[in-house]
Amino acid sequence: MNWTFQYITPNALENENLENSQLWNKEIEFLPNNNYTIVSDSGKGKTTFINYCYGLRNDYKGKILLENKSIDELNFNTWAHIRSTKLAYIPQNLQLLKEHTIWENLIVKNDLTNFKSEEEILRLLSTLGIEKIKDKKAKETSLGQQQRTAIIRALIQPFETLLMDEPFSHLDYNNSIIAAEEIYKTCKEQNANFIVTSLTDQSPFKDVVNIKI
């Protein structure tokens, strides 16, 4: 998908010096044929940026265009359609159903679109190394296992762009590489791109456009 940020300043940062930011208070376009990493220290607005792209927040000055239309004009039903067919999301806080099993968390999502078969979901669980805990409640698993579940949950829906907010923060290097490879593979299969936030530009993702904020 295509976003254009036209001199966006988050309300929380309006008193900050944003002169060196490559994102805030600039005009910048995110194109569907590029992958992007949004890089900054904590507190500079990475999660805020992702929330703007996903339509969860509107506390900013400026204008955001999605597919050349102001997101202020998009109603609830339009956002619901976009999020189920064009826009996948891995939130930093994961947002799993803690009282449900890992498998149930994935099936609840897949039932919305029936995009993947159970065999395809099982393959993803196996590839990311969590097939043996699929019948455990989410609250009984580690943060790393929950994070891999959230990654799989995003990959089992149709999308044109995958938004990821520090998706490897609870994973070791090897598991980050495995997850990144699966994300690349899925994006290629769906002719999609991704936007990911990170504390550093030393991430498992290569051939990306780095934007520092």
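The lining of the largest pocket divides into nine nonpolar, five polar and three charged residues, where Ala, Val, Leu, Ile, Met, Phe, Trp, Tyr, Cys and Pro count as nonpolar, Asp, Glu, Lys and Arg as charged, and the others, Gly among them, as polar. This is a predicted model, in which local features need pLDDT of at least 70 and side-chain atom pairs count only at pLDDT 80 or more, whereas totals for chains, interfaces and linings use all residues. Residues are numbered from 1 along each chain as its sequence is written, and side-chain values use heavy atoms, with hydrogens and water left out.

A pocket is an open set of points on a 1 Å grid over the protein atoms alone, where a 1.4 Å probe fits, with protein on both sides within 12 Å along at least five of seven lines, and its lining residues have an atom within 4 Å of a point. A volume is the space filled by probe spheres set on the points, which are joined across faces, edges and corners.

| Pocket | Volume | Lining residues nearest the centre |
|---|---|---|
| Largest | about 400 Å³ | Tyr 54, Lys 109, Leu 112, Arg 153, Gln 157 |

The lining of the second largest pocket has eight nonpolar, seven polar and two charged residues.

Helix H4 (residues 118-127) packs against helix H6 (residues 173-189) at an angle of about 150°, with the axes 10 Å apart; the two are therefore roughly antiparallel, a term for angles over 145 degrees. Axes are lines fitted to C-alpha atoms over the stretch in contact, and angles run from 0 to 180 degrees between N-to-C directions; helices are DSSP runs of H or I with at least four residues, numbered from the N terminus.

Terms used:
Parallel < 35°, antiparallel > 145°, perpendicular 65-115°, else oblique.
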